[in-house]
Amino acid sequence: MFPFRRLHALRAGTVILLLAVAPARASELGDLRAQLDALKSDYQSKLDALETRVAQLEAQVAAQPQPQPPVVEQPPPPAPSGGGAGGANAFNPSISVILGGRYAQLDADPATYRIAGFMPAGDEVGPGRRGFDLGESELTLSANVDPWFYANLTASITGDNTISVEEAFVKTLALPSGLSLKAGRFFSGIGYVNEVHSHAWDFVDQPLVYQAMFGGQLAQDGAQLKWLAPTDLFIELAAETGDGGQYPGTRLAGNGVNGGALLAHVGNDIGDSASWRAGISWLSRRAEDRSFDDVDANGAPVVDAFTGRSRTWIADAILKWAPHGNGNLRSFKLQGEYLQRTEDGQLALATTPQPLTGDYHARQSGWYVQGVYQFLPRWRFGARYDSLDSGNVAIGLVQQGLLPLTDFGALAPASPSRVSAMFDWNPSEFTRLRLQYAWDEARASVRDQQLMLQYLYAIGAHGAHKF
Amino acid sequence: MNRTIYAATAIILSLLALPLPAQAALRVLATTPEWAALTRELGGDKVDVYAATSAFQDVHRVDAKPSLVARARNADLVVAAGAELEIGWLPILLRESGNARIQPGNPGYFEADANLRLLEVPSAVDRSMGDVHPQGNPHAHLDARNVAIVATALATRLAVVDPANAAYYQARGTDFQSRWKLAVTRWEAQAAPLRGVPIVVIHRDQAYLCHWLGLVEVAAIEPKPGVPPSSSYLAELVTKLNAAPPKMILRNAYNDSKAVDWLAERIHVPVVLLPYSVGGTPAASDLFKLFDDTINRLTGATK
């Protein structure tokens, strides 16, 4: 192609030059025209020759098929990292946003929701509001800080126009010996589902036992040191400590930390189709004046408060299966956790002029098991069973005969349970539409039937999820 | 509680102090079977290679399994395809590994596609286009000439990560290149009848094979990458392909057969199962046999 273009340019250039000169020297017009014609015919013959040559070459090429040029003929372009092409934005963190919303049809008024037999664990317990509700939108920014740290901020923006920091942590990338340190606010690594962000849950809501024991998900401001064993069997050990300000702990008035957690996880594959992880975790917290609303024997509102130590054991296990590890068609996930909490201390009943205080000891437990089956690409259904046991609760004020047990309405023995079934459709990796139906018997003697429709949309950076 | 924490700390510290088993070979975690096979070709008995996935898995969708985190923890080198093929799980493995050697930017992290000029680099990306990859189509290994380019870079990288055996890797690299060059010539000759043959694919993961051998992709069963076909799209496809029938429909070992069989029945065209990667068919047991088998199956279908 090149010679042609050059010839055309030359020809055009000559013409323009001649045209520019022409008016000035009209007398030489005849000469020039003759020269131009000569040039024209000269170039034309050259052009014709070239065209013939090209046609011949083309014919040769067509006759003798050649492999196409290799994909790489030029040095590779510099690999773009993370999608930023360059300039001032090249180092922007990856941004992802999850939009969630739902419609809930609840038989019983959610304002009356209580998990019977357990001290209320905060506002986030329960099925949420009736009707349409803009649930939680999650905004995540993350990037490597430098060769040594990775940083992540996840903010939760809720329908009532509040924004809260769900996680904000840095994590080391370059400690030796399989060690890593995470610091900031983060979901504790205890159990299995605790670290899973709400958009990745397999049901609209958290297992009942997590709601009862931690008020949903346990986060803390603190640090976590994790060690991964140098074995082909996955073994991870971690220790955490921090402010312990979230239920079941309270932020302490003094310096120092509030409690800690220890956890161990083991995991491996079974053949090429299944993999599992199992773990055991221990959490210790101190609570100072952890108050909650209750009603006394006459139905009058009272405020109780617990001060003491709270320890929780968790055993968790998950098994994932997909034929040859290819989850495009079918896959199955089975998970279950058992939690047991022991609390020792004092329980105070706010009365005037002096609060009444007595010993308190409780051992309470709960568990859930759930299975999710993807029966067709993009379609899944799941079932979950939740069960809680309010266990042995010894209240000093009651044992001493100072107050009847009915003065502690929230602590009356109970065995809450819930059955949930869900069905979801995932038209793409970034969209999930879910229908969930639950028979919720968390309250004493009320069966709440809950129908929920939920949507989850992910935009921005492609997410990566833990096992 | 304090006592428990002290005890646990003591246990962790004593475990840390345990002598690790002597390193017999360079430990490599490869994300895909083809790059695992190439690492074996180049590393011989000096490398211990673990493939994170098999040819029966869709590498886009893999879990960051505990077994993989454990392998990443111990790896001296991660060999990835790159170009965001593994974006849903590899970043997690790297972060969870507690292994500084394999973090991107270090010699212990190698991306095959970073050495290649990728096809189908979109000028703009938007998820309405389906699962598009901003850096280009990442399924680059099915152009055998790309394998040679990656081999050069990988042999160099092995020598950097394990300098004690640098000469060994370079020698094996040279040997591999000469054998590969011969093989490529042979494959190109065998595949000459495939030039211009119209085919239908499922996902655009045969783009490099088509580019190399001159197969002409006339349609894809996925209307957009990663987007399943609707029934109206399939009906359109049947009409279109009946008017100008392709020679065959290609299916990878990890693809579901339903959609292709459905289409094949309606347009009366054979389905050709391709190994896609090493281990995808019994015959495709190494990198050379992967291409032998692929070309045999393709030429077999044109006869």
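**Exercise 1. Find the residues between strands β9 and β10 of chain A, and say which turn residue has a positive phi.**

Step 1. In this predicted model, strands β9(A) and β10(A) form a hairpin with three residues between them. Strands here are DSSP runs (E, at least two residues; helices are H or I, at least four), numbered from the N terminus.

Step 2. In that turn, Gly271(A) has a positive phi of about 65 degrees.

Step 3. Strands count as paired if DSSP finds at least two bridges between them. As a landmark, Leu263(A) stands opposite Ser281(A).

A word on conventions: residues are numbered from 1 along each chain as its sequence is written, and chains are lettered from A and ligands numbered from 1 in the order in which they are written. Local features need pLDDT of at least 70, side-chain atom pairs count only at pLDDT 80 or more, totals for chains, interfaces and linings use all residues, and side-chain values use heavy atoms, with hydrogens and water left out.

**Exercise 2. Follow β10(A) onward: how many bridges pair this strand with β11(A)?**

Step 1. β11(A) spans residues 301-321 and pairs with β10(A) over 20 bridges, in the antiparallel sense.

Step 2. Ala287(A) faces Gly308(A) in β11(A).

Step 3. This hairpin has five residues between its strands, and Gly299(A) in the turn has a positive phi of about 85 degrees.

**Exercise 3. Is Thr31 of chain B buried or exposed, and which side chain does its own side chain join in a polar contact?**

Step 1. Locate Thr31(B) in the loop between β1 (26-30) and α2 (33-43) of chain B.

Step 2. Thr31(B) has a relative accessible area of 1%, so this residue is buried (under 20%; exposed is over 50%, partly exposed in between, with a 1.4 Å probe and protein chains only).

Step 3. The side chains of Thr31(B) and Glu86(B) are joined by a polar contact of 2.6 Å (a pair of N or O atoms within 3.5 Å; within protein, one must be able to donate a hydrogen and the other to accept it, and residues adjacent in sequence count only if both atoms are side-chain atoms).

**Exercise 4. How many residues of α2(B) are buried?**

Step 1. 10 of the 11 residues are buried, so α2(B) is largely enclosed by the rest of the structure. Among them are Trp35(B), Leu38(B) and Glu41(B).

Step 2. After α2(B) comes Gly44(B), with a positive phi near 50 degrees.
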